[in-house]
Structures are given as C-alpha cells and as structure tokens.
Amino acid sequence: VTAEKGGFEHFMLKEIHEQPKAYRDTMRGRIDESGKKVVLPELKLTPEQIKSINKVQIVACGTAYHAGLVGRNAIESLVRIPVETDVASEYRYRSPIVTPDTLVIVVSQSGETADTLAALREAQSHGAHVLAITNVVGSSIARDADDVIATLAGPEIAVASTKAYTSQLIAFYLLSLYLAEVRGTQTPEQITQIIAAMQALPEQLDSMLAKPEAIKAYAEQISKHEHLFFIGRGIDFAVAQEGSLKLKEISYIHSEAYAAGELKHGTLALIEDGIPVIALATQEDVLEKTVSNIKEVSARGADIMAITHEEHVVSLLKSVNQAFAIPKTLPLLTPALSVVPLQLLSYYASLARGNDVDKPRNLAKSVTVE
Ligand code: G6P
C-alpha cells in the first residue's frame, strides 16, 4: 500500500507533492515552442465564436468551484468579459440568463458530479456552448460537454482535492491567455510574460514543498482549536475559501473564510483573545488595506499567521504573530502557490488530530446525487 502511495504516508501528501508534475503535464503541448502563445488544439470553439462571447458563467461544486473563483479573476482581468460564478446546486434554480453567446465553463475533477452535470444540461438547453475543465476524459461531463480541456493531474485518490484544484487553475490561465490572444485584449509581450511566469511555477512549488516544517509546526498549534478564520482580499479571498474548505473537510476544525474588508460588518464580533486568524496578504494592490484589516483583528487579540512575500515579512511581523513567505510570481498566478501551504496545513492538522486524512467522515470523492 505504501508503494501505491509512492512512499508517502497518505495519498493526500503524495498528491500535494505531485503538483509540480501536474502543472508541467497540464501545460505540455499547450504552449508553443517560442513560449509566446497558448495553443489549445482540442478546442472546437472557433475564433468567431470566441469573439462573440458576451458573458461567461463558471459552474462547479466544492473545490472545483473555488478554482472557478480564481478562473473568474483570470478571465475578467485578461479578457475583460464579465464572468459569473455559481455553485452547481444553485445554478439551475435561479433561472440563469443564458444565450448562445454565453460561454459556460463547468469544472469537475471527476466529471461525474450530479449537480454539475445537471447545470451543463441546463446551459446547453439554452443554446450555450459548454466547455468542461475535467480530470477524467472518459467521464459523463467530458462526454456531454461541447468542449473539454483536460487537466493532466493523474488520478486523485484522496477525498480532499489538491492537485486537481491547482491543475484547474493552470487550465484557467491557459484558457484566459488563449481567449485574450484571439480577442486582442493583451499585447504579445504581456502574454509572453505571463507564460514565462507560469513555466516557473513548478520549480517554485518544489522549493516550497522541500520546506514543510514551519507549516507543520503551525498546524500542530491550530489543531488544538475548534474555530478559526481565514481572511484575504481579491484572489487571496478566493484562496482563503479553498483553504477553509480543505481544513474543514479533513481536520473537522470549524473555520470561515471572510473577505478581509467585510469582517467589520459583523464577523469581527467573533474575534476574541487567542483565536487563530490566517491572513493571506499576497496582493500588492490591496496590501495596505489588508494590513489595516489585520490590525483590526490583532487589536482584539487574534493570533495571526500571515501568508505573504519575503519582502513584506518584516513589516507584517509588527501586526502578526507569524509570517510564512511564498515565492514571488505575477499577482494573477499567486493562487497556484499560496494554496499549497494551506493544503499542507490541513494535512498536518488532520494528522495531529488523528483523523483519517484520505477518507474524512461523511464525505465522498465524487457525489452522484443532487
Ligand atoms: C465532492 C468532493 C470534493 C469535490 C466536489 C466536486 O464533494 O469531496 O472534494 O470538490 O465533490 O467534485 P468534482 O469531481 O466535480 O470536482
């Protein structure tokens, strides 16, 4: 069984460590040799269709939905098309406004999630083109979708999704770059710069995975708590939501992810002495604002751990108890790195609590009921 797990104690840890390879595999063949262009030969979507898209809807469940939140940011900022995100179990029941010019993107590791499949059919019934981002090419969702971008993460066994999520991020970045090129919303130089930064991600990830000690020690510390908060702004908030879900799934610690600036409208009432708060502070454009939110919780006695870049560690340590630095990439791509300490945190917290890491209670890898 350990052989199956490649020498790791759990599938989850093995899959966390497979992420650099999953990044490379998902990019392979999709970036031309010059490194200047994304090519997606598998797409049936024509350049004419791409030019007529006036709205994108991203629909998924669980962790795949959280990848969609990052995908929204990538598409809106690189392609400037409005994007809506929905959890699949809600999508059909809000009578979504879908036309043949809507591109609907469904995201699913397994390709078998019943709610996501139902959302796909709903979108198709309104004439939308449905593109699936999935890890299983023979799945129901892959079969029924009009287009498929396969994430090449390899089989994911642990119930808590890790490498599938990050590969979905890579797929969204590739798709956004492709759409941007067709619609002319980014210059060739901008596209080349983003591609180069993406190609550096696997090595940056390797460097993080080589040093898990600080996160492990922090995980042991939070494993004694019953409640904690994640805060962040923009895509840091999207990653915070994934970090919170991961932690709940396998450690059973109650946690909430909050948009940092929204805390003061209610949730701040829950911050009391000693409560752990994990603050994601990787986005330069909102850093100052995030720091003022960090100070709000610090003033109420929260025990804060910040995830940030090396150059901000010293100044942040004035308001937080600990800081963990992640390698520097483009702001847009940060989630592909910043989520990794949160995956490790959940893993080690679950381990410290003696839980069944790979098979958490009440959860299934793939949910085929609505
Ligand atoms: C289940 C799994 C989650 C997963 C969700 C969506 O709830 O436990 O980890 O994110 O389904 O699965 P999918 O296969 O559609 O990505």
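**Confidence and overall form**

The average pLDDT of the protein chain is 97, and 99% of the residues score at least 70. This is a predicted model, and for the complex the predictor reports an ipTM of 0.98 and a pTM of 0.97.

On to the fold. The protein chain has 14 helices and ten strands. Along the principal axes, the C-alpha atoms of the chain fill a box of roughly 55 × 45 × 45 Å.

Two figures describe the packing. Of the 370 residues in the protein chain, 51% are buried. Among contacts with a separation of 6 or more, 75% are between residues 24 or more positions apart.

**The ligand shell**

Which residues come nearest to the ligand? There are 16 residues around the ligand, and the nearest are Gly-62, Ser-108, Gln-109, Ser-110 and Thr-113. Helix α4, residues 62-79, supplies the largest share of this shell, with three residues. By type, the shell has nine polar residues, six nonpolar and one charged.

**The core**

The largest nonpolar core holds 118 residues, and the members that touch the most others are Val-106, Leu-177 and Ala-279. Helix α8, spanning residues 163-183, gives this core its largest share, 13 residues.

Take Val-106 from that group. Apart from neighbours within four places in sequence, Val-106 has contacts with Val-59, Ala-60, Thr-116, Ala-119, Leu-120, Val-130, Ala-132, Ile-141 and Ala-145.

Ile-170 sits in helix α8. Is Ile-170 buried or exposed? Ile-170 counts as buried because 28 C-beta neighbours lie inside 10 Å, and the cut-off for that class is 20 or more. Beyond four places in sequence, Ile-170 touches Tyr-23, Thr-26, Met-27 and Ala-336.

Leu-345 belongs to helix α14, residues 335-352. With 25 other C-beta atoms within 10 Å, Leu-345 is buried too. Its contacts, not counting residues up to four places away, are Ile-215, Tyr-218, Ala-219 and Leu-247. Leu-345 and Lys-216 are 129 residues apart in sequence, yet 6.5 Å apart in space, C-alpha to C-alpha.

**Two partly exposed residues**

Ala-118 is in helix α6, residues 114-125. Ala-118 has 16 other C-beta atoms within 10 Å, so this residue is partly exposed. Setting aside neighbours within four places, Ala-118 is in contact with Arg-92 and Glu-370. From Ala-118 to Met-198 the C-alpha distance is 33 Å, at a sequence separation of 80 residues.

Val-137 is in the loop between β4 (129-134) and α7 (140-144). Val-137 is partly exposed as well, with 13 other C-beta atoms within 10 Å. Outside four places in sequence, Val-137 touches Ala-142, Val-148 and Ala-150. Gln-109 was listed among the residues that come nearest to the ligand, and the C-alpha atoms of Val-137 and Gln-109 are separated by 9.9 Å, 28 residues apart along the chain.

**Two positive phi values**

Last, the backbone. Ser-95 is not a glycine, but has a positive phi of about 45 degrees. Ser-95 lies in the loop between α5 (88-91) and β3 (102-108). Ser-95 is exposed, with 8 other C-beta atoms within 10 Å.

Where is Asn-362 placed? Asn-362 is in the segment after α14. Asn-362 also has a positive phi, near 65 degrees, in a residue other than glycine. With 6 other C-beta atoms within 10 Å, Asn-362 is exposed.

That is the end of my list.

Note on methods:
Residues are numbered from 1 along each chain as its sequence is written. This is a predicted model: local features need pLDDT of at least 70, side-chain atom pairs count only at pLDDT 80 or more; totals for chains, interfaces and linings use all residues. A nonpolar core is a set of buried Ala, Val, Leu, Ile, Met, Phe, Trp, Tyr and Cys residues joined through C-beta atoms within 7 Å. A residue is buried if 20 or more other C-beta atoms lie within 10 Å of its own, exposed if 12 or fewer, and partly exposed in between; C-beta atoms are placed from the backbone. Helices (H or I, at least four residues) and strands (E, at least two) are DSSP runs, numbered from the N terminus. Two residues are in contact if their C-beta atoms, placed from the backbone, lie within 7 Å. A residue is near a molecule or strand if its C-beta atom, placed from the backbone, lies within 6 Å of it. Ala, Val, Leu, Ile, Met, Phe, Trp, Tyr, Cys and Pro count as nonpolar, Asp, Glu, Lys and Arg as charged, and the others, Gly among them, as polar. pLDDT is the predictor's confidence in each residue, from 0 to 100.
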